[in-house]
Amino acid sequence: MNAPDRFELFVIPEGRKKVEMEIDTKIPNAATFAIEREDHTLGNMLRGQLLKDPRVLFAGYKVPHPLEHNFVIKAQTVPGTSPGKALKDATSELISEINALKNKFDMEVVRHRTFEDGKGQGYDDNMNTMDHHAGMDVDF
């Protein structure tokens, strides 16, 4: 079969770095970052996070080839801010947002499990049995 081995999705080849930066010589305060062993998921999130930063003038990414597990992200910043600093800040902010989302999710899971455990204890003594049949159409 022609499918690449699964380990190629996350093992960085020898001699390559996870992130490589190349300064753009034609555009001021711009750089291109090649990120190994990641895909559209991280590329789009990083691009979106970079665009939230008022110091970033442009951010875009592309996946050079669908069978290669990397993407290229380009960023241009205002004078006085380096693209590398902007990407580092965006990464830190993204990690914070994801951790906050994870914490909210975990709290909702605990709340849901607590609610489900409480439901299984039986009927409340103060409940009227007719309340359970309120939705039924019954003629007496």
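Predicted model: local features only at pLDDT ≥ 70, side-chain atom pairs only at ≥ 80, totals over all residues.
User: How do I read a pocket, and what volume does the largest pocket have?

Analyst: Rolling a probe the size of a water molecule over the atoms shows where empty space is left. Here, the largest pocket has a volume of about 190 Å³. Two elements each give two or more residues to its lining: helix 1 (40-52) and helix 2 (83-119).

User: Which helix gives the most to that lining?

Analyst: Helix 2 does, with seven residues. The lining residues include Val19, Leu42, Lys88 and Ile98. Sorted by class, the lining has eight nonpolar, two polar and one charged residues.

User: Now the charges, please. How many salt bridges are there?

Analyst: Side chains of opposite charge can pair when their charged atoms come close. In this model the count comes to 10 salt bridges. One of them joins arginine 55 and aspartate 89, with the closest N and O atoms 2.8 Å apart. This pair links distant parts of the chain: arginine 55 sits in the loop between helix 1 and strand 3 (56-62), while aspartate 89 is in helix 2, 34 residues apart. Asp53 and Lys85 belong with Arg55 and Asp89 to a network of salt bridges.

User: Are glutamate 36 and arginine 37 buried or exposed?

Analyst: Buried means under 20% relative accessible area. Glutamate 36 is therefore buried, at 4%, and arginine 37 is buried too, at 16%. These two residues form a salt bridge, their closest N and O atoms being 3.5 Å apart.

Definitions and conventions. Residues numbered from 1 in each chain as written. Heavy atoms only, no water. 1 Å grid on protein atoms, 1.4 Å probe; cavity = no way out; pocket = protein on both sides within 12 Å on 5 of 7 lines; lining within 4 Å. Points joined across faces, edges and corners; volume = space filled by probe spheres on them. Helix = DSSP H or I, 4+ residues; strand = E, 2+ residues; numbered from the N terminus. Nonpolar A, V, L, I, M, F, W, Y, C, P; charged D, E, K, R; others polar. Salt bridge = Lys/Arg side-chain N within 4 Å of Asp/Glu carboxyl O. Buried < 20%, exposed > 50% of the residue type's maximum accessible area, 1.4 Å probe, protein only.
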